[in-house]
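Here is a short report on a predicted model of two protein chains. Have a look at the model first, and then read on.

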Amino acid sequence: MTESMPVLAELTPELDAFIVEWKDKPGNLVMVLHKVQEIYRYIPRDVAAAVSKKLGVPLAKIYGVMTFYHYFKLEKPGKHIISVCMGTACYLKGGDKLLDELKKLLNVEANATTEDGQFTLQAVRCVGCCGLAPLITVGTNVYGTLPESRLPEILEKYSK
Amino acid sequence: MKYKNYILICAGTACESSKADEIYRNLMKELDAHKLLNETQVLKTGCFGFCEKGPIVKVLPDESFYVHVKPEDAKELVEEHIIKGRRVNRLLYNKPCEETNVAKKLDSIGFYQKQVRVVLRNCGFIDPEVIDEYIARDGYAALEKVLFEMSADDIINELKTSGLRGRGGAGFPTWRKGMFTKDAQNEEKFVVCNADEGDPGAYMDRSILEGDPHSVLEAMTIAGKTIGANRGYIYIRAEYPLAIHRLEVAIKQAKEFGLLGENILNSGFNFDIEIRLGAGAFVCGEETALLASLEGRRGMPVPRPPFPAVKGLWGKPTLINNVESYANIPAILTKGGNWFAQFGTESSKGTKVFALTGKITNSGLIEVPMGITLREIIYEIGGGIPNGKKFKAVQTGGPSGGMITADYLDTPIDFDNLIKLGSMMGSGGMIVMDEDDCVVDVSKFYLEFTVDESCGKCSPCRIGGRQLMNYLEKITNGEGTDEDIRKMRLIGHAMQMASLCALGQTAPNPIISTLAYFEDEYMAHIHDRKCPAGKCQKLIRYFINEKCIGCTLCAKKCPVDGCIKGEKKQVHVINQEACIKCGECERVCKFKAVVKI
C-alpha cells in the first residue's frame with residue numbers, strides 16, 4: 001500500500017446540492033458521476049473521494065463504475081475536445097483517415113491530450129449523424145461531410 | 001388555417017449542427033422586418049429523415065422542400081417565397097414541372113414515395129417542444145381511452161391483434177412481455193424505456209425522441225396502467241443531449257397538463273417518469289445489463305431466466321421496451337390493432353424505421369412497411385449507389401448482424417427472413433457497401449467494436465472475441481492461413497452457444513455471415529495475399545504505368561523521401577520497399593498513371 005488516503009476536495013455548492021437531492025434515490029451513482037463530469041469536465045480523484053464520503057459509497061465501488069463506462073474521464077481533458085466519429089457509416093467513408101490526419105497535425109495519439117493542453121483527440125462511437133459522414137465534433141460543434149483537407153483550417157479556428 | 005404560411009425547419013441533431021438554429025433566427029428576423037410574423041409561423045420540428053440534404057426547410061401549404069439551406073438564404077426565402085409567392089428554385093428539391101409550374105407533392109418524391117409513417121407520424125410536422133401540437137395530432141387520445149374505456153386485458157388484446165414485435169432487435173411479441181409483467185404478482189413494478197441506442201450507424205431512437213418525445217411518454221404511461229406500475233425510467237445515452245433536453249421539456253409540460261404525475265386526468269392513476277443517463281457502454285442495451293446500470297452499478301448482464309418481467313429493476317417485475325416499440329403504441333390504440341396489422345407481412349406487422357447510411361445516394365432516416373424489398377429501399381428510396389460504383393452488400397443488425405448480398409435484394413424484409421439470410425433486423429441500422437469496401441476489413445471493424453465493448457464477465461465473449469480479432473488481423477495483414485478460417489468458425493460457434501448475453505452470442509455474426517457469402521474474398525487475402533476491394537493497406541501495391549508523363553508531382557507530394565524516382569518527362573517508379581501505401585500519389589496524379597493493385 002504505497003498510496004496514501006486520498007485527499008478530499010471541497011465540493012462546489014452546485015454539486016453539493018445535487019448530491020443532497022439525489023442521495024436517497026436508489027441507483028444514484030451514475031447520475032452523480034455525470035454531474036461531477038459536467039462541472040469538472042472529468043472526474044478528479046479528490047472529488048471522487050469526497051463524493052464517496054458524502055454518498056457513503058466506497059471509493060473502490062466508485063472507481064469500479066467509473067472505469068466501466070467509456071463516457072467518464074479520469075484524466076483532465078484539453079481545452080477543446082475533438083471527437084472523430086467511428087460509427088460504421090463514418091468508417092466506410094474515411095473516418096479512420098480523419099483520425100490519422102488529426103494525429104499527424106496535432107502530433108498526438110488517439111485518446112490523448114496535446115502537450116500544450118489545447119486539444120484532446122478521441123475516437124468515439126457513432127454520434128448518430130450518419131447522413132453527414134464522415135464527421136468530427138469539436139466541443140458541441142459538428143463538422144460533417146469532411147475531407148481531410150479541411151482539418152487544418154478547423155484546427156486553426158480553435159487554436160486562437 | 002390560422003396562418004397563411006408555415007415554415008418548418010428541421011431541428012434534428014444533424015440539421016442543427018449545420019446551422020438550422022441560425023436559419024431559424026434569420027427567418028424570424030426577416031419576417032419581423034417585413035411585419036409578417038402574424039401571418040407566417042416558423043416552427044422547429046423533428047427530423048424530416050432526409051439528412052443527406054440538410055439543413056431542410058419546408059414551406060406549407062405548398063410543400064416546397066428546400067434543401068442545403070444556408071443562414072444567408074433566409075432573406076431570399078422570405079422576400080421571394082413568402083412575400084412574392086415565387087419559389088426559390090435554386091434551393092428547391094422538388095423542382096416544379098416546367099409546363100404547369102406546380103411543385104411535385106412530397107409523397108411523389110422517390111425518397112418519400114414508398115414510406116409509411118406510423119412511428120415517425122409527427123417527426124417533421126410538429127414542434128416537439130410544444131405539447132399542444134402533439135395533442136392537436138391526436139396525442140394523448142390513446143391515454144385517455146386507456147384510462148377510462150379499456151381494461152388491462154383490452155390493451156394487451158389490442159396489442160396482440162396488432163402483431164407488434166419488439167423493435168430493439170430481438171422481435172419478441174410486445175403483448176406477451178406486457179402480459180407477463182401484468183401477471184407477475186408484486187406491489188411494486190416498473191416500466192423502463194431502453195433508449196441506449198448503441199449500434200454504430202443507427203439513429204432511429206434519437207430521431208424519435210428528438211422529434212416526438214411525447215409519443216414515448218404517452219406509451220410508457222399506458223404501459224404503467226396496463227401492468228400496474230407507477231414509475232417509469234427512460235435510460236438514454238448521455239451522448240444525445242438534444243434528445244435528453246426535449247424529453248425533459250416534454251415531461252415538464254405533460255405534468256403541467258395533468259397528463260403525467262399524480263391523478264392523471266382525474267382518473268386516480270399516478271405515474272411518474274424519470275430520465276437516467278447511460279455512460280457509453282454498448283452492453284447496456286442488453287436488458288439485464290441496462291437494469292444493473294439503472295441501479296447505479298457496472299452494467300453487466302446476468303443469466304435469464306428470471307426475465308425482467310418477473311425479477312427486474314431492484315428485483316421487481318419490470319417491463320422494458322425499446323423507444324420505437326413504445327412510439328408505435330399510441331397509434332395502435334387510437335386507430336386499432338387491425339389498422340396496424342394491415343401493414344407488413346404475416347409474421348412481422350407494421351412498419352420499421354431504418355437508418356439508411358453508407359454508400360447510398362439518399363442517406364437518411366426512413367420508415368417503411370415490413371415486407372418491402374431491399375431493392376426498393378436501396379434503389380427507389382435510397383436512389384442507388386453514388387459515383388457509378390457497384391452495389392456489394394447491405395449490412396443490417398450492426399455488430400450483431402450480417403451482410404445481405406445482391407442475390408437477395410428481392411427478399412421481403414421482416415424479422416424472420418433476415419434471420420434466414422444470416423443477418424438480423426437489429427435496431428434498424430442499414431449500411432450500404434460498394435465494391436470499394438472489403439468484407440474482411442468491415443468484419444474486423446465490428447469485432448474491434450464488440451471486443452472493446454465486451455463487459456468481460458463471461459469467457460466465451462471476452463476471450464473468444466479477442467481470438468477472432470487476432471485471426472482477422474492476421475488475414476488483413478496477409479499472414480492468414482486456411483486453418484485460421486477453420487478456427488474462426490469453431491470459436492464463433494462456441495461463442496454463439498456459450499456466451500452469457502446477446503453481445504457475445506452475436507459477436508461472431510459479422511464473420512460467419514461474410515464467410516458464407518464472401519468466402520472467396522477471405523481466400524484472396526489468404527492465398528493470393530490480395531485485397532480485392534483494395535482496402536487492406538498491407539496488401540495493396542501502387543504502381544505507375546506508361547500513362548505517366550513525368551510531371552514529377554507524385555514524387556513531390558510523396559511523404560517518403562526518395563520513394564518515387566524518375567527523371568522529368570520520364571515514367572516514374574515507386575520503390576515498393578519504401579512505400580507506406582498512403583495513396584497520396586494516386587490522389588494527386590492527373591493522368592491516372594498510378595494504379596492500385
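The C-alpha centres of domain 1 and domain 2 of chain A are 30 Å apart. Domain 1 of chain A covers 13-68, while domain 2 covers 80-159; such bounds come from an automatic or database domain assignment.

Residues are numbered from 1 along each chain as its sequence is written, and chains are lettered from A and ligands numbered from 1 in the order in which they are written. As the model is predicted, local features need pLDDT of at least 70 and side-chain atom pairs count only at pLDDT 80 or more, whereas totals for chains, interfaces and linings use all residues.

Now to where the chains meet: 37 residues of chain B contact 30 residues of chain A (a contact means C-beta atoms, placed from the backbone, within 7 Å). Five elements of chain B each give two or more residues to this side. Helices (H or I, at least four residues) and strands (E, at least two) are DSSP runs, numbered from the N terminus.

| Element of chain B | Residues |
|---|---|
| α1 | 13-17 |
| β7 | 272-277 |
| α12 | 287-294 |
| β9 | 351-358 |
| β13 | 429-434 |

Chain B as a whole has 24 helices and 17 strands. Its C-alpha trace spans about 85 × 65 × 40 Å along the principal axes. Of the 597 residues of chain B, 55% are buried (20 or more other C-beta atoms within 10 Å of the residue's own, C-beta atoms being placed from the backbone). Among contacts in chain B with a separation of 6 or more, 71% join residues 24 or more positions apart.

Conventions. Two residues are in contact if their C-beta atoms, placed from the backbone, lie within 7 Å. A residue is buried if 20 or more other C-beta atoms lie within 10 Å of its own, exposed if 12 or fewer, and partly exposed in between; C-beta atoms are placed from the backbone.
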